[in-house]
Amino acid sequence: MKQETKLSQKQEPLAEQTAEAQTVREFASTEEVLRTDAAQTTVPPEIGERLKKSAARIRPPEARPWWKNLLGR
Amino acid sequence: MNIPLPSQAAAGPPVKLKGLTPPVRNEPGTDQPLPAPPPAAWPVPEFGALYEEHSRPIYYLTLRFLADPQKAEDATHDVFLKAFRRLDQFRGEASIRTWLYRIAINHCQNLRQSWQNRNIQTSADDALWEGAAAGTDSPLQALETKELGQRILTALDALPDEYSLLLLLVADEELSYEEVAALLDQSTDAVRGKLHRARKAFAVQFAKTA
């Protein structure tokens, strides 16, 4: 599969960039399209900060009793 | 990865209440303000390492499957919080990544089912897309992300949920076909057959977005 998307090579200056150099990127497969997109995606740092606070608030689960491990229950 | 239960970990720093800003204090005898406090620590450091390693693929799955950056943030938070609560239930029969994906898939499918039941149309507006690109170096990079991301979203939106999920999982190079099949409760052969059709369908829809 050959699919195209326009990706810019340079980052500055923005005005020139948008007017001129835009490359056409060809992807070899659907997976490559998605992997490229995933690689460009940044996890918002707010999630981690929020998760730290949430995890600190919850009561830790009880440790699994040893006999449950032994009996597989 | 050997992860101790939260109950086995040392107590973390006290939780700061949201919205309460401590007063600015100065160094004694000077006008220099004290340095900012360090960012909050993970209550279980190993869980922090787990989050760092797996948050991107989980966030990406939620982002593209739910098609809404704010909902994806909430879902990613909720998925990892569920994982934190259930660490004692992780039996090591699957990889941590697969276990997290299972929680994420169930969570996302429940959300989507709930939206469909309420007949709510979800769509990502430009402001939310800017949020999804947070942390990128330039607006241009954000635009790139937005363009490719929007095209993918449009293409995935035209596919059955099953195909979208399948493509998103297969794109993760850490997952084998066997693991993807297990996550989707299907045989490996069925996954291979559906994947062939899903790729074709995606290619057609993606080409339409150009």
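# Helices of chain B and a contact with chain A

Trainee: Which residues does Leu81(B) touch, not counting residues up to four places away in sequence?
Mentor: This is a predicted model, and the contact can be read from it. Leu81(B) sits in helix α2 of chain B. Leaving out residues up to four places away in sequence, its contacts are Leu51(A), Ser54(A) and Ala55(A).

Trainee: Does Leu81(B) count as buried, partly exposed or exposed, and why?
Mentor: A residue needs 20 or more other C-beta atoms within 10 Å to be buried, and 12 or fewer to be exposed. Leu81(B) has 17 C-beta neighbours inside 10 Å, so it counts as partly exposed.

Trainee: What elements does chain A have, from the N terminus on?
Mentor: The secondary structure of chain A comes to 4 helices and 2 strands. Of its 73 residues, 21% count as buried. From the N terminus on, the order is β-α-β-α-α-α.

Trainee: How many helices and strands are there in chain B?
Mentor: Along the sequence, chain B reads α-α-α-α-α-α-α-α. That pattern corresponds to 8 helices and 0 strands.

Trainee: What percentage of the residues of chain B count as buried?
Mentor: Among the contacts in chain B with a separation of 6 or more, 66% are between residues 24 or more positions apart. Burial is a separate count, taken over the 210 residues of chain B. The value is 34%.

Trainee: How far apart are the end C-alpha atoms of helix α2 of chain B?
Mentor: Helix α2 covers residues 69-85 of chain B, which is 17 residues. At 1.5 Å a residue, α2(B) should therefore span 24 Å. The distance between its end C-alpha atoms agrees: 24 Å.

Trainee: How are α2(B) and α3(B) placed relative to each other, and why?
Mentor: Helix α3 of chain B covers residues 96-118, and its axis and that of α2(B) come within 9 Å. α2(B) passes α3(B) in a right-handed crossing. The axes cross at roughly 130°. The two helices are therefore oblique to each other.

Trainee: Which residues in α3(B) meet α2(B)?
Mentor: On the α2(B) side, the residues are Ala75(B), Asp78(B), Val79(B), Lys82(B) and Ala83(B). By class, the contact has 8 nonpolar, 1 polar and 2 charged residues. On the α3(B) side, the residues are Leu100(B), Ile103(B), Ala104(B), His107(B), Cys108(B) and Leu111(B).

Trainee: Why do residues three or four places apart in an α-helix point the same way?
Mentor: The answer lies in the repeat of the helix. Residues three or four places apart point the same way because an α-helix has 3.6 residues a turn.

Trainee: How many of the 10 residues of helix α6 of chain B are buried?
Mentor: Helix α6 covers residues 161-170 and is mostly covered. Its buried residues are Tyr163(B), Ser164(B), Leu165(B), Leu166(B), Leu167(B), Leu168(B), Leu169(B) and Val170(B). The count is 8.

Trainee: Is Glu162(B) buried or exposed?
Mentor: Glu162(B) has its place in helix α6 of chain B. Its C-alpha atom is separated by 8.5 Å from that of Leu184(B), 22 residues apart along the chain. With 12 other C-beta atoms within 10 Å, Glu162(B) is exposed.

Trainee: Which residues in α8(B) meet α6(B)?
Mentor: The axes of α6(B) and α8(B) come within 9 Å and cross at roughly 100°. That makes α6(B) roughly perpendicular to α8(B). By class, the contact has 9 nonpolar, no polar and 1 charged residues. Tyr163(B), Leu166(B), Leu167(B) and Val170(B) in α6(B) meet Val191(B), Lys194(B), Leu195(B), Ala198(B), Ala201(B) and Phe202(B).

Trainee: Is Ala67(B) buried or exposed?
Mentor: Ala67(B) is in the loop between α1 (45-66) and α2 of chain B. Its phi is near 60°, a positive value in a residue other than glycine. Ala67(B) has 21 C-beta neighbours inside 10 Å, so it counts as buried.

Trainee: Is Asp185(B) buried or exposed?
Mentor: Asp185(B) lies in the loop between α7 (177-183) and α8 (188-208) of chain B. Its phi is positive too, near 55°. Asp185(B) has 7 C-beta neighbours inside 10 Å, so it counts as exposed.

Note on methods. Residues numbered from 1 in each chain as written. Chains lettered and ligands numbered in written order. Predicted model: local features only at pLDDT ≥ 70, side-chain atom pairs only at ≥ 80, totals over all residues. Expected span 1.5 Å × (residues − 1). Axes fitted to C-alpha atoms, helices over the stretch in contact; angles between N-to-C directions. Parallel < 35°, antiparallel > 145°, perpendicular 65-115°, else oblique. Left-handed = near helix turned anticlockwise from the far one by under 90°. Contact = placed C-beta atoms within 7 Å. Nonpolar A, V, L, I, M, F, W, Y, C, P; charged D, E, K, R; others polar.
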